[in-house]
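Subject: Structure handover

Hello,

Here is the structure I promised to pass on to you. Please have a look at it first, and then read my notes below.

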Amino acid sequence: GASMFNVINAGDQSKVNIVVQGQVNVGANITYGGRFDENNNYIWDGKDNANQTTFIFANGNDISAMKDGVKEGNSGKDSFANSTDTTNANSKVLGVTYQDGIKLTLKDKTITNSNGENISFLNTYKNYFISKETDPILTLTTNRTNNGTFKDTIVIEGLLVGDVVALERSSANKEKHAEFDVTLKTNSAFFGGFDFSNLLKTQNGANSLDKTSITLVMEKGSKFFIDSSVTLQNLSIKNVDLNREETLINTFAQSNTVIDLGSYGNDNNALRKRREDFNLLSIGVVSKTEPDSGAQSTETTTGLDGQNALFRVYVNANADQNNATLGKINAKNASDGNGESGTYGHVYSDRIIVDNAKTNGLQEYIQVLYDADTDAKSLSHKTGKGTETEGNIAVFTVKNGDTNNTPLVKLDTIAVLQGFDIFQTYLASQITDRNGKVTSTMETSSNTSYTTYFVDHLDVRVSPANQQS
């Protein structure tokens with residue numbers, strides 16, 4: 001089994017960096033995001049939650065490059081005089097940049113409760129993962145191998161708030177195949193994102209993920225909260241059933257497996273008003289023979305595997321198309337001088353795009369969360385049109401299978417409770433291109449076209465519980 005050690009980060013603003021290099025099988029019980037009070041009790045008070053814990057699991061570093069003078073540095077030695085930078089995609093500790101592996105950065109996030117108060121995410125939800133205050137809130141195990149192929153297997157048990165970041169590839173190993181497998185154990189949760197920008201720098205083009213396989217496995221009852229944009233070559237949903245009776249209660253109180261792009265962990269009654277920076281989750285890869293904006297690769301991928309996951313997205317039907325973005329790409333791109341809608345057309349919502357699936361007709365579910373200023377009567381889908389048309393709200397796009405343009409995913413909506421009301425969304429499906437557009441040049445044959453699900457109309461009713469009160 002893995003060698004286990006305990007990590008407690010208790011400083012108000014402290015940064016703890018732990019580096020493990022080589023092919024090892026290790027694990028850690030981790031307490032983070034809080035501090036010790038005057039009685040030496042570890043607390044998460046939602047105020048002093050700025051400490052950061054970083055784990056770097058590497059196969060190599062740039063010491064040899066510094067020794068040979070290929071790269072400026074400290075002559076191949078650790079140095080307290082040289083900088084440490086583990087922010088964003090960086091992995092520099094004591095002057096040495098670690099390579100060929102993976103980094104996990106753990107840091108609390110601030111969310112908003114129903115009273116509009118800013119509170120700690122960890123403090124709010126920790127009791128779903130610990131039975132007493134002294135328990136570690138997270139257990140990580142990692143298994144690392146290098147048998148001609150780099151493989152990092154990370155298992156998350158508990159609550160991980162932060163990011164999973166691929167380290168840069170060394171010049172000696174950039175041609176090696178690398179696998180990154182992350183498993184969310186039963187009832188565990190991950191709030192954050194995946195950053196693989198370092199790999200794109202050393203591979204073939206800005207959208208290329210050649211020589212890389214990225215897999216997220218979600219076991220029953222696990223939760224994945226996204227507050228950025230994420231590309232996963234493989235998303236595996238394991239042994240999951242949907243319990244409809246739980247879909248109106250708090251996400252963590254559910255036994256359902258949830259992929260949440262919309263709430264940021266906030267109370268449904270306190271969603272950030274008028275959000276216009278929408279999140280994009282891409283699952284699978286686009287063949288390099290297809291000129292597309294997706295993550296391109298020559299890798300063979302499964303894409304989406306498994307059924308009965310509950311996806312959640314946020315809609316702001318009033319989003320200003322001059323400001324709105326999807327996956328950090330502008331809704332409008334005036335580079336052609338005509339002010340035409342950008343890559344993804346008009347955007348009013350977070351969106352999921354599925355490029356591959358293991359089998360046809362996977363059953364998935366979606367909850368649509370709405371901005372507080374939404375006028376339900378104004379929502380509709382213009383038949384036969386896609387995201388090139390103003391007002392069409394795309395929430396989910398999926399590749400079609402090889403039979404009669406049947407989408408690889410069958411998507412049903414689930415009602416959501418916001419405030420005193422139950423919001424039930426009804427969807428319309430439309431054959432489109434990958435970006436949700438209907439164009440004269442798009443592919444329409446089976447196995448090349450896509451189906452996009454749009455908000456068709458919205459019914460709002462008072463919840464039975466509130467009617468009786």
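In these notes, a residue is buried if its relative accessible area is under 20%, exposed if over 50%, and partly exposed in between, using a 1.4 Å probe and protein chains only. By that rule, Phe129 and Phe252 are both buried.

Some background before you go further. This is a predicted model, where local features need pLDDT of at least 70 and side-chain atom pairs count only at pLDDT 80 or more, while totals for chains, interfaces and linings use all residues. Residues are numbered from 1 along each chain as its sequence is written, and side-chain values use heavy atoms, with hydrogens and water left out.

Aromatic rings

The structure holds 21 aromatic pairs. Rings of Phe, Tyr and Trp (its six-membered ring) pair if their centres lie within 6.5 Å; planes under 30 degrees apart are stacked, over 60 edge-to-face, and the rest tilted. The ring centres of Phe129 and Phe252 are 5.7 Å apart and the planes stand at 85 degrees, so this pair is edge-to-face. It links distant parts of the chain, 123 residues apart: Phe129 is in the loop between helix H2 (121-125) and E11, and Phe252 in the loop between strand E18 (234-237) and strand E19 (258-260). Helices (H or I, at least four residues) and strands (E, at least two) are DSSP runs, numbered from the N terminus.

Phe190 and Phe194 make another edge-to-face pair, with 5.5 Å from centre to centre and 85 degrees between the planes. Both Phe190 and Phe194 are buried.

You will also find one aromatic cluster formed by Phe121, Tyr125, Tyr128, Phe129, Phe191, Phe225 and Phe252. The charged end of Lys109 sits over the ring of Phe191, 5.2 Å from its centre; this term asks for NZ of Lys or CZ of Arg within 6 Å of the ring centre and within 35 degrees of the ring normal.

Cavities

How many cavities of 30 Å³ or more does a search of the whole structure find? There are two. A cavity is a set of points on a 1 Å grid over the protein atoms alone where a 1.4 Å probe fits but cannot get out, and lining residues have an atom within 4 Å of a point. The largest cavity holds about 60 Å³ of space. Strand E3 (25-31), strand E6 (52-61) and strand E11 (138-146) each give two or more residues to its lining. Among the lining residues are Phe5, Val26, Phe55, Leu140 and Thr142.

Single residues to look at

Arg434 lies in the loop between strand E33 (421-432) and strand E34 (450-462). Its relative accessibility is 2%, so Arg434 counts as buried. The side chain of Arg434 makes a polar contact of 2.8 Å with that of Asp355. Such a contact is a pair of N or O atoms within 3.5 Å; within protein, one must be able to donate a hydrogen and the other to accept it, and residues adjacent in sequence count only if both atoms are side-chain atoms.

Two asparagines have a positive phi although neither is a glycine: Asn40 at about 65 degrees and Asn308 at about 70 degrees. Asn40 is exposed, at 56% relative accessibility, whereas Asn308 is buried, at 17%.

Happy exploring, and best wishes

Conventions: 1 Å grid on protein atoms, 1.4 Å probe; cavity = no way out; pocket = protein on both sides within 12 Å on 5 of 7 lines; lining within 4 Å. Points joined across faces, edges and corners; volume = space filled by probe spheres on them.
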